[in-house]
Amino acid sequence: PVGSVVHSKRGSRLSTPFGSLQSPDTSGATQEEWCGPFSVARQMIAAREEARRLREEQQAAIDPDNKASHPLDYLHEQALLEKKRKENPSMNWVGDNNSKDDSASANYYVKRRSRVSKMRTGSGGKSCVPSLFHLCVDYIAKNFEHVETLGAVGHPVRRALCERLVELGEMNGAAFDVLAEKGVDTIELIDCAQVSEDQFCDALKICLPAGLKAIFLKHCGRCFGNQAAKILIDTKDIQLFALSLSGAYILKDSCAADLISATARTLSSIDLTACPLIGAKFCQSIADCYRIEGNCLLELALQNVQISKEALLSLESESLRQLRSLKLKEIDSVDDEVVSILTKSIDGGSLENVDLSGNPQLTDDILSSIRRCNTDGNLRALQLSGLTNLTAIGLEAFFTSIDSLPAPPMLRKL
């Protein structure tokens, strides 16, 4: 009929993923009803969670200790822990024992660094408060320009003051005049860079007649030269028993030889480091002077000096018969033959300390030489660092009992 609305055979358009709703099927077959996209999504999520649960249960059954974790679990735990700490402020307190790492506290090197740090503080305990001695030394050093004399203060206090003055950069000529005043028995300076030769010579002229017995100088290239050696040579009835010089680059070989000749009657300890001009005359003077009955050399230390092999071999005599400490360090001419000959010159096994570090020419042969001279078993310290030609077999034989050799040494330091 006219005016009637003609319906299309296609179904009505709907906002579904499939575009349209199909017309009913008149064939009588049952068709499942569409439930919507969100319901399908929820079903998919539920199926995924169920699969995850089953997977975790299977994994837990296989390996109970290995628990699967999500990448965000750590952040979640940290957030919960932060929340608990805000609610309970007492959780923020950490004891001293808990603040240290167990692995670090058990480490040998960590313990050694901690021990050295405590020794430097002077307290020896957990407190960083310096001792009364260090407080006094620090106060005097900071006001040392007002000090005119130290009086009867002993050598340990003067040494501590010198070290502190060097740290503060106040070790100058005026400070030296106070430290090396008349009446001191020891002059020990760890840095003589600011002391002139004339000033040091004036101090020697005052201290030597008053009973100066020991001189220990480091970085003494400026203050200790031929002029200072001449004053020591010309002084009568000198009582010097220990002489240690480091960096005396202007001290000539002839002056050093004359110095040994003038002081050999009382001088029993000689230590020269980085003195490039000493050589054959110095060594020959030691051999000649300490061969005399009554002159006794107990300590001989030579380091970083330009001495030939022939000059070292000239020391082979009775001059080293009572030697207790031998140090030949960083000397290019030292080899197995030198060590063997010098150790044979020491009688009775009196040697207690040997330092042959920094001599790359030495081999395992020196170990047998050292052991042969240790007849009385007095050797307590042996330093062999930097000897690249030593082998494990040689060191093992050194500490092995052998019938033809003295007993292995009982070392306290190796």
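# Cavities and helix packing in a predicted model

Of the contacts (heavy atoms within 4.5 Å) between residues at least 6 apart in sequence in the protein chain, 76% join residues at least 24 apart. This is a predicted model, in which local features need pLDDT of at least 70, side-chain atom pairs count only at pLDDT 80 or more, and totals for chains, interfaces and linings use all residues. Residues are numbered from 1 along each chain as its sequence is written, and side-chain values use heavy atoms, with hydrogens and water left out.

User: How many cavities of 30 Å³ or more does the whole structure have?

Analyst: A cavity is a set of points on a 1 Å grid over the protein atoms alone where a 1.4 Å probe fits but cannot get out. Points join across faces, edges and corners, and probe spheres set on them fill the volume. With 30 Å³ or more as the limit, the search of the whole structure gives two.

User: Which elements give two or more residues to the lining of the largest cavity?

Analyst: The volume of the largest cavity is about 70 Å³. Its lining (an atom within 4 Å of a point) consists of H155, R158, R159, C162, L179, A180, T186, I187, E188 and L189. Two or more of these come from each of α6 (155-168) and β1 (186-189).

User: Which element gives the most to the lining of the second largest cavity?

Analyst: About 40 Å³ lies in the second largest cavity, lined by L243, L245, L251, A256, L259, I260, I270, L272 and F282. At least two lining residues each come from β3 (242-246), α10 (253-263) and β4 (269-273). Giving three residues, the top contributor is α10.

User: Is S285 buried or exposed?

Analyst: S285 sits in helix α11 (residues 280-289). Beyond neighbours within four places in sequence, S285 contacts A257, I260 and S261. Its relative accessible area is 6%, so S285 is buried.

User: What distance separates the C-alpha atoms of A311 and C283?

Analyst: A311 belongs to helix α12 (residues 309-313) and, at 3% relative accessibility, counts as buried. Apart from neighbours within four places in sequence, its contacts are G279, A280 and C283. A311 and C283 are 28 residues apart along the chain, yet their C-alpha atoms are separated by 6.0 Å.

User: How are α13 and α14 oriented to each other?

Analyst: The axes (lines fitted to C-alpha atoms over the stretch in contact; angles 0 to 180 degrees between N-to-C directions) of α13 (residues 336-344) and α14 (residues 365-373) lie 9 Å apart, at about 5°. Angles under 35 degrees count as roughly parallel. Therefore α13 and α14 are roughly parallel.

User: Which residues of α14 does α13 meet?

Analyst: In α14, the buried residues are I366, L367, S369, I370, R371 and C373. They pack against α13, β7 (353-355), β8 (381-383) and α15 (392-398). From α13, the residues D336, V339, S340 and T343 meet D365, I366, S369 and C373.

How values were computed
1 Å grid on protein atoms, 1.4 Å probe; cavity = no way out; pocket = protein on both sides within 12 Å on 5 of 7 lines; lining within 4 Å. Helix = DSSP H or I, 4+ residues; strand = E, 2+ residues; numbered from the N terminus. Parallel < 35°, antiparallel > 145°, perpendicular 65-115°, else oblique. Buried < 20%, exposed > 50% of the residue type's maximum accessible area, 1.4 Å probe, protein only.
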